[in-house]
Amino acid sequence: MNLVLPFADSRRLTGANLFFATPGAVLETAGVAVDGALIEGWRERVQRASAHLGWPVPCAVARTHAAGASLAVAAPPDQLYTATEVNEWALCAVLAAREPARGAALVAALHAALLEDAADPLQVIPPVLDEPAAFARLRELAARERRPPLRALLDAAVQRDVPAVLDDDAVTLGFGARSAEYALDALPVPEDVRWPALGGIPTALVTGSNGKTTTVRLIAAFARAQGWCTGYTCTDGVWIGDETVATGDYSGPAGARRVARDRRVDAAVLE
């Protein structure tokens, strides 16, 4: 990625996260002097873009830290790539408003990054910073990404208090032994889902500074003593019962998804 870009990382958030309880996108600033005016300019642009796209209750959260800021925007679950574009545009637009001469370099860097990551460069819509043109571009991106069947299924799950796990390829309704997984390109209509069989399972979430993995293992041992097949994740890996299914740091969403999608699991302990 071109070093002129004012962010080091820009990614989707496929579920509840540190910023809000809904999906969205977050970026980490890089090489940018973060102050109140920059955050407010970014937030105003994100909220205008979200409202223009018809997203419910526009939400933009900024968390400053020693290296800069984490900037997050909430979005519908089928608009997450568009959300990254909204986020990147809002940050670049406020920087360009501060330094007009920098605008062309920002656009060029954004375009180069898009071409580098694109499966089909011919499908890339060149980025722009001018607000009306940017909104037109974002509308087109949102239209390309929209998945009405996915929204209908997730809305139906919310109405029935059924948890859902989403990634690039599939959506899982329910958790563990009470779950069903569907490919995103073969989603059922809500009426065809066997909802009574789906739901949550006993789940413990462990967080803190020290002793998390020890606590996870202790709770998992209690759950096994209860007679449950227990799935647990920590910085050492993922376990289903006594089986090690992955090693490494799985204390984040990747580990949680592994447990959520394993139908052997009666109880979950997640670091």
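**Helix packing and the nonpolar core**

User: Hi! How does H2 pass H3, in a left-handed or right-handed crossing?

Analyst: H2 passes H3 in a right-handed crossing (the near helix is turned clockwise from the far one by less than a right angle). Helices are DSSP runs of H or I with at least four residues, strands are E runs of at least two, and both are numbered from the N terminus. This is a predicted model, where local features need pLDDT of at least 70 and side-chain atom pairs 80 or more, while totals for chains, interfaces and linings use all residues. Residues are numbered from 1 along each chain as its sequence is written, and side-chain values use heavy atoms, leaving out hydrogens and water.

User: Which residues make the contact?

Analyst: H2 brings Glu-85, Glu-88, Cys-92, Leu-95 and Ala-96, and H3 brings Gly-103, Leu-106, Leu-110 and Leu-114 (contact is heavy atoms within 4.5 Å).

User: And what's the angle where the axes cross?

Analyst: Roughly 160°, with the axes of H2 (residues 80-98) and H3 (residues 103-117) coming within 9 Å. Axes are lines fitted to C-alpha atoms over the stretch in contact, with angles from 0 to 180 degrees between N-to-C directions. The two helices are therefore roughly antiparallel (over 145 degrees).

User: New topic: which residues touch the most other members of the largest nonpolar core?

Analyst: Trp-42, Trp-89 and Leu-91, out of 39 residues. Such a core joins buried Ala, Val, Leu, Ile, Met, Phe, Trp, Tyr and Cys through side-chain atoms within 4.5 Å; buried is under 20% relative accessible area, with a 1.4 Å probe and protein chains only.

User: Which element gives the most to this core?

Analyst: H2, with 11 residues.

Notes: Angles under 35 degrees count as roughly parallel, over 145 as roughly antiparallel, 65 to 115 as roughly perpendicular and the rest as oblique. Buried means under 20% relative accessible area, exposed over 50%, partly exposed in between (1.4 Å probe, protein chains only).
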